[in-house]
Amino acid sequence: MTVEQLIVALQNMPKNAVVLYEGDAGYALVGGLSLQENGSGVPDEVILFPDMNE
């Protein structure tokens, strides 16, 4: 999924819904994101990380 596809998908969701991601240990709130810039023809990556306060 690209950032553009994610934005389009999220625009169709309720504005007050929280964002979770599913991992091996269950669901976790998304606490933030970072950009991993790549080179040599490899696409950049957006990395979501969990909210460490839950």
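Q: Gly31: buried, exposed or partly exposed?
A: Gly31 is partly exposed, because its relative accessible area is 47%. Buried means under 20% relative accessible area, exposed over 50%, and partly exposed in between, with a 1.4 Å probe and protein chains only.

Q: And is this a predicted or an experimental model?
A: This is a predicted model: local features need pLDDT of at least 70, side-chain atom pairs count only at pLDDT 80 or more, and totals for chains, interfaces and linings use all residues. Residues are numbered from 1 along each chain as its sequence is written, and side-chain values use heavy atoms, with hydrogens and water left out.

Q: Where does Gly31 lie?
A: Gly31 lies in strand β2. Strands (E, at least two residues) and helices (H or I, at least four) are DSSP runs, numbered from the N terminus.

Q: How far is Gly31 from Leu48, C-alpha to C-alpha?
A: The separation is 7.6 Å. Gly31 and Leu48 are 17 residues apart along the chain.

Q: What about Ala28, buried or exposed?
A: Ala28 counts as buried, because its relative accessibility is 17%. Ala28 also lies in strand β2.

Q: And how far is Ala28 from Pro43?
A: Their C-alpha atoms are separated by 26 Å. Along the chain, Ala28 and Pro43 are 15 residues apart.

Q: How much of the chain is buried?
A: Buried residues make up 4% of the 54 residues.

Q: What joins β1 to β2?
A: A hairpin does, through two residues. Four bridges also join β1 to β2, and these strands run antiparallel. Gly23 has Gly26 of β2 as its bridge partner. Leu20 is bridged to Leu29 of β2.

Q: How many bridges join β2 to β3?
A: Six bridges join β2 (residues 26-36) to β3, again antiparallel. Val30 has Pro50 of β3 as its partner. For Leu33, the partner in β3 is Leu48.

Q: Where is the place of Ser40?
A: Ser40 is in the loop between β2 and β3. Phi of Ser40 is near 55°, a positive value in a residue other than glycine. Ser40 counts as exposed, because its relative accessibility is 82%.

Q: Pockets now. What volume does the largest pocket have?
A: About 160 Å³. On a 1 Å grid over the protein atoms alone, a pocket is an open set of points where a 1.4 Å probe fits, with protein on both sides within 12 Å along at least five of seven lines; lining residues have an atom within 4 Å of a point. Grid points are joined across faces, edges and corners, and a volume is the space filled by probe spheres set on the points.

Q: Which residues line the largest pocket?
A: Met1, Thr2, Val3, Leu6, Asp44, Val46 and Leu48. α1 (3-11) and β3 (45-50) each supply at least two residues of that lining.

Q: Last one. What spans does the C-alpha trace have along its principal axes?
A: About 35 × 25 × 15 Å.

Definitions and conventions. Two strands pair if DSSP finds at least two bridges between them.
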